[in-house]
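Please view the sequence and structure below.

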Amino acid sequence: MEKMAAVISEVTGVKAETIDRPITEDTDILFFGSAVYMAGVDSKVKAYIASMDGSKVKNVVCFSSAAILPSSYVQVRELLEKQQVKVDKREFHCRGQFKILHRGRPNKSDLELLRKFVEEIIP
């Protein structure tokens, strides 16, 4: 996630933050990253979303990586919508490394595709 967040930060000019920092300001677009572990979203991500104030975030754009599953979008979208947070239909997903599976992912090519994705979203 760190490599992906760094690319988004570079394109948007906004510092990437971890889920340890709650959203306290009105946010037009939140790029929200998550990975799939054991076929589910991490419990810390779930807790962060549950604490999110839907009135502070206008739109969430999801990005994710996973070794096997296609993405975490559906699971994350359902959690965000429970908090009355609008979730963009567009998402970015690429393979992620897990032990020896997909070694080096996300790679340079994945990150370039992410860069193009973010550039299409940012007005």
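## A pair within helix H3

Glu81 is partly exposed, at 44% relative accessibility. In this predicted model, Glu81 forms a salt bridge with Arg77, with the closest N and O atoms 3.9 Å apart. Arg77 is also partly exposed, and its relative accessible area is 24%.

Salt bridges with shared partners join Glu10, Glu112 and Arg115 into one network. The count comes to six salt bridges.

## The buried face of H3

Helix H3 spans residues 73–82. Tyr73, Val76 and Leu80 are buried there. Viewed down the axis of H3, the buried residues fall within an arc of 75°, so they line one face of the helix. An α-helix has 3.6 residues a turn, so residues three or four places apart point the same way.

Just after H3, Gln84 has a positive phi of about 60°.

## Pairs in other parts of the chain

Asp28 and Lys58 form a salt bridge, their closest N and O atoms being 3.2 Å apart. Asp28 sits in the loop between helix H1 (2–12) and strand S1 (30–37), and Lys58 in the loop between helix H2 (43–50) and strand S3 (60–66), so the pair ties together parts 30 residues apart in sequence. Asp28 is exposed, at 51%. Lys58 is exposed, at 56%.

Glu17 and Lys15 also meet in a salt bridge, at 3.9 Å from N to O. Glu17 is partly exposed at 41% relative accessibility, whereas Lys15 is exposed, with a relative accessible area of 63%.

Key. Residues are numbered from 1 along each chain as its sequence is written. This is a predicted model: local features need pLDDT of at least 70, side-chain atom pairs count only at pLDDT 80 or more; totals for chains, interfaces and linings use all residues. Side-chain values use heavy atoms; hydrogens and water are left out. Buried means under 20% relative accessible area, exposed over 50%, partly exposed in between (1.4 Å probe, protein chains only). Helices (H or I, at least four residues) and strands (E, at least two) are DSSP runs, numbered from the N terminus. The arc is that of the directions from the helix axis to the C-beta atoms. A salt bridge is a side-chain nitrogen of Lys or Arg within 4 Å of a carboxyl oxygen of Asp or Glu.
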